[in-house]
Amino acid sequence: MMIIGVECTAHTFGVGIATSEGKVLANARDSYTSLTGGMILNEVAEHHVRVAEEVLKKAFSEAKLSWDKVDFVAYSAGPGMDPALWAGYKIAKRWAFDNGKKLIGVNHCAAHLSIGVVWNMLNDPCYLYVSGVNTQIIVKEKGKYIVIGETQNIGLGNLLDKFGRVLGLGFPAGHKIEELAKKGRYIVLPYSVKGMDVSFSGILTKVEQLYSQGKVSKEDLCFSLQETCFAMCTEVVERALAHTGKKELLLVGGVGANKRFCQMLEIMCRERGAVFYKVPMELAGDQGAMIAWEGFLRGDESGDIQVKPHWRVDEV
Ligand code: ATP
Ligand code: FE2
């Protein structure tokens, strides 16, 4: 079985093709970027409409396939930005209709988790999902996802992107902050862990203040921001592993591309006899292959569900 997955929740428009064995045959994408920083909602939706056919063509050529071999079309129904979701939904619906395929709406967050599980051939890990909007520690119980810890305000990727905007790094900024951090030294920043939750908004205010006062270098701020926020997440995840007794940690989401973050989590896991897993770079951020695979898993229970901008993973 071959499934096409359409990703459209935020800045990336992606078309992936996966098989029912979880093999990724294609993962084409085109991401909206902006030099001034931030995402302008309508520009993102316009971007998706503009690039859709080209990205689909690329996916088919990567996979050496055409519509006749495709069984159904999965799309990201949410959570995400309203205009981007509608743009993606309409494109996926048109492709499904024109080619006589079933349409299946899936949860974008669940897709991040599922692709990590199939890639690593895991059974029942503890998940750390860290992207732009989301920072969540998740486990599965009786087939349902449960969020056992999360950010109380902004996601870690958003924190990095917002600070990147202040530094004039453009959008997205996570990888540029990672580069600057390599030359930085540590200064103390507010460390904000509240039970199983974390809070990033106070740290953002603090680094913005320090930067505007001109007393601390960009590099030192980036390094210290990373060290502090990654340590907060690592602490909470360690507690999650201790509470649940799980022996596998799976890191997913765009911030998972950060090498220092992976290193911290890996050390923590090793020290407590657990195993750390991540996904390769091309499956870490937003892309269509994960939507295709999640579509396969949900094929029987889902269908055309329009868009759900606020659909949490624990509501799946
Ligand atoms: P979601 O809808 O799942 O919340 P998203 O749309 O924000 O996801 P992702 O692609 O999962 O998209 O994650 C994007 C985030 O990852 C951005 O905030 C970006 O700055 C961050 N990021 C990318 N590379 C790195 C890196 N090397 N270090 C830190 N952060 C990174
Ligand atoms: Fe995402």
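Student: How many residue pairs are in polar contact between domain 1 and domain 2?
Tutor: Keep in mind that this is a predicted model. The pairs counted have both residues at pLDDT 80 or more. Between domain 1 and domain 2, that count comes to 7.

Student: Which helix gives the largest share of the side of domain 1 that touches domain 2?
Tutor: Two helices, α3 (108-120) and α9 (281-284), each supply at least two residues of that side. The largest share is 4 residues, and the helix they come from is α3.

Student: How many residues on that side of domain 1 are charged?
Tutor: Let's sort the side of domain 1 that touches domain 2: there are 8 nonpolar residues and 9 polar ones. That leaves the charged group, which numbers 4.

Student: Which side chains meet in a salt bridge?
Tutor: Across the interface of domain 1 and domain 2, the rule finds 1 salt bridge. For a salt bridge, the nitrogen has to lie within 4 Å of a carboxyl oxygen. At 3.2 Å, N to O, there's a pair that meets this way: arginine 312 and glutamate 150.

Student: What area is buried between domain 1 and domain 2?
Tutor: The size of an interface is often given as the accessible area lost when the parts come together. Here, carbon and sulfur atoms give 58% of the buried area. On the domain 1 side, His112, Ala284 and Val313 lose the most, together 31% of what that side buries. The area buried between the two domains is about 1600 Å².

Student: What distance separates the centres of domain 1 and domain 2?
Tutor: The assignment gives domain 1 as 2-112 + 283-315 and domain 2 as 124-281. Taken over C-alpha atoms, their centres are separated by 26 Å.

Notes. Residues numbered from 1 in each chain as written. Chains lettered and ligands numbered in written order. Predicted model: local features only at pLDDT ≥ 70, side-chain atom pairs only at ≥ 80, totals over all residues. Heavy atoms only, no water. Domains from an automatic or database assignment. Buried area = accessible area lost by both parts, 1.4 Å probe. Polar contact = N/O pair within 3.5 Å; in protein donor to acceptor, adjacent residues only side chain to side chain. Nonpolar A, V, L, I, M, F, W, Y, C, P; charged D, E, K, R; others polar.
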